[in-house]
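The sequence and the structure are shown here.

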Amino acid sequence: MMSLGQVEPRTPISSLPFTTSASGSYYLTKNLSVANGNAITITADGVTLDLNGFTITSSAASPNGTAILLSGGRKDIAIFNGHIVSGVINSGGNYNGTGFGSGISYTGVNTSSNVRVSSVSVTGVVFYGIYVSTDSAATVVESCTVKTVGGSGIVAGSVFDSTALDCGGDGITATNASNSRGESTLNGNGISAINASNCYGTSNSGTGISVTTASDCFGLSNSGTAISATDASNCYSFSTNGVGLNAGNALNCKGGSTNWIGISASNASNCYGFSSGGGYGITASNAINCSGISSSNTGLNVGAASNCFGFSTSGYGVYADNASNCFGRSSGSGFGVNASVASNCRGENSSGNGLNAAKVAIGCYGVSTSGVGLSATIANSCVGETGSGTPQAITYKYNMP
C-alpha cells in the first residue's frame with residue numbers, strides 16, 4: 001500500500017492565513033477566505049502553488065494585505081489555476097471598498113526571479129493586481145485576467161495572452177508583452193513595455209501603448225497619445241484629442257486624431273494619417289508612400305516626401321521642403337502642394353494655388369479653380385491651369401522650355 005504522501009505528494013491548504021515556509025508543492029482544497037491581512041505568504045524558494053480552480057477572498061472592511069505574497073522577493077515560484085476576488089470598486093476614478101490591497105505581489109529589496117503566474121484571475125484590489133517585477137525577464141505572467149485595480153494591473157518581465165482592465169495606473173507594465181490588452185481609466189499607460197506585439201492598449205488621458213518597439217498593435221487615448229514608440233510597424237492608433245501615433249520610425253501604420261496629429265514620425269513609410277481637427281494628418285522628417293488628411297490644417301507636413309498624397313479641406317494638401325511624385329489637394333485657401341523643390345508633383349486647389357514651389361518645380365502640374373495653377377521661381381517642364389483650362393496660370397516662367 002502507498003502512503004498518502006506518495007499518492008498525493010503535495011501539501012493541502014484548507015484554511016487561511018497560511019505560510020509556505022518550505023519548498024514544495026501546495027494546493028487549495030476549497031474556496032478560502034481571510035478576515036484581514038495576507039491570505040498566503042510564500043517565504044521559501046522553490047514553491048508551486050496550485051489554486052486548484054478555487055477562489056481566495058478577504059472580508060477586511062478596508063482593503064489591506066495581499067492574497068498571495070512573495071516575502072523577500074523569492075525565486076523559482078509557480079502560481080496557477082484559480083481566482084482572487086476582492087471588493088474594491090471604481091467610483092468615478094476613486095478605487096476603494098473591501099478586501100485585499102493587492103492580488104499577487106512581493107516585498108523586500110530583492111526582486112522576484114523565475115516566477116510564473118498562469119491562469120489566475122484577480123478582481124477588485126486597490127494597489128496591484130499581479131506584481132512580480134520587471135527587473136528580471138524570468139518573471140512571466142500568462143493567460144491571466146485582472147479587472148478593477150486602483151494601481152497597476154499586471155507587472156512582469158514577460159506578459160503573454162493576458163488582460164488588465166479598469167486600472168487606475170498602468171494596465172500592463174512589462175519588458176515584453178504579447179497578445180495582451182491593457183486599460184488605464186486615468187492617466188496611466190494602457191500598456192508600457194520595451195517590446196509589444198499584437199497588443200491592445202487604451203488610456204483615458206495617458207498613452208494607450210508606450211513602447212520601444214511595437215508591431216501589430218492598436219492604441220487608443222481620449223486625450224493623450226494613442227501609441228508612442230521608437231519603432232512601430234503595422235500598428236493602428238487613434239486619439240480623441242492628442243497624437244494618434246508618435247514614433248521615430250513608422251512602417252505600414254495608421255494613425256488618427258480628431259483634434260491634433262494623426263501620425264508624427266521621423267520616418268514614415270506606407271502610412272496613413274488623418275486629423276479631423278486643426279492638426280496634421282502626418283508630420284514627418286521623411287515620408288514615403290504615405291497619405292495624410294486634415295480637415296482644417298495640413299494633410300501631409302514633411303521635410304522630404306516621395307510618392308505621397310495629402311489632402312486638406314482648408315489648409316495645405318502637401319507641405320514639404322522637397323516633394324517628388326506627390327499629389328496634394330486642398331479645397332480651401334491653402335495650396336494643393338507647397339514645397340521648396342517639387343518634382344513630378346500634382347497640386348489641385350479650389351481657391352488657392354494648385355502647386356507652389358518656392359525654388360524649383362520640375363515636371364509638375366498645378367490647377368486651381370479660381371487661383372494660380374502653378375507658381376514657382378524656376379519652373380521646368382511644368383503645366384499650370386485655371387479651372388477653365390487656361391494654360392496661362394504659371395507665374396515666374398523662368399527656364400520654361
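The structure under discussion is a predicted model. Tyrosine 319, with a relative accessible area of 33%, is partly exposed as well. The rings of tyrosine 316 and tyrosine 319 form a pair: their centres are 4.9 Å apart and their planes meet at 55°, so the pair is tilted.

The model contains ten aromatic pairs. In one of them, the ring centres of phenylalanine 309 and phenylalanine 327 lie 5.4 Å apart with the planes at 25°, so this pair is stacked. It links distant parts of the chain, since phenylalanine 309 belongs to strand 34 (residues 309-312) and phenylalanine 327 to strand 36 (residues 327-330), 18 residues apart. Phenylalanine 309 has a relative accessibility of 25% and so counts as partly exposed. Elsewhere, ring pairs join Tyr106, Tyr128 and Tyr131 into a cluster.

**Parallel strands**

Which strands pair with one another in the parallel sense, and over how many bridges?

| Strand | Partner strand | Bridges |
|---|---|---|
| Strand 23 (residues 209-215) | Strand 25 (residues 227-233) | five |
| Strand 25 | Strand 27 | six |
| Strand 27 (residues 243-251) | Strand 29 (residues 261-269) | seven |
| Strand 29 | Strand 31 (residues 282-288) | six |

Alanine 214 stands opposite alanine 232 in strand 25. Alanine 229, in turn, stands opposite alanine 247 in strand 27. Alanine 247 also has a bridge partner in strand 29, namely alanine 265. Further along, serine 269 is placed opposite isoleucine 288 in strand 31. As a general principle, the side chains of a regular strand alternate between the two faces of the sheet.

In soluble globular proteins, nonpolar side chains tend to be buried together. In this model, the largest nonpolar core comprises 86 residues, and those with the most contacts inside it are Ile56, Ile68, Ile79, Ile104 and Val117. Strand 13 (residues 113-125) supplies the largest share of this core, with five residues.

What does valine 117 touch, apart from its neighbours within four places in sequence? Its contacts are Ile79, Ile104, Ile130, Val132, Val140, Val141, Glu142 and Cys144. Two of the residues in this list, Ile79 and Ile104, are themselves among those with the most contacts inside the core.

**Two buried serines**

Serine 118 lies in strand 13. Its relative accessible area is 8%, so it is buried. When neighbours within four places in sequence are left aside, serine 118 is in contact with Ile79, Phe80, Asn81, Glu142 and Cys144.

Key
Residues numbered from 1 in each chain as written. Predicted model: local features only at pLDDT ≥ 70, side-chain atom pairs only at ≥ 80, totals over all residues. Heavy atoms only, no water. Pairing = 2+ DSSP bridges. Helix = DSSP H or I, 4+ residues; strand = E, 2+ residues; numbered from the N terminus. Core = buried A, V, L, I, M, F, W, Y, C linked by side-chain atoms within 4.5 Å. Buried < 20%, exposed > 50% of the residue type's maximum accessible area, 1.4 Å probe, protein only. Contact = heavy atoms within 4.5 Å. Phe/Tyr/Trp six-rings, centres within 6.5 Å; stacked < 30°, edge-to-face > 60°.
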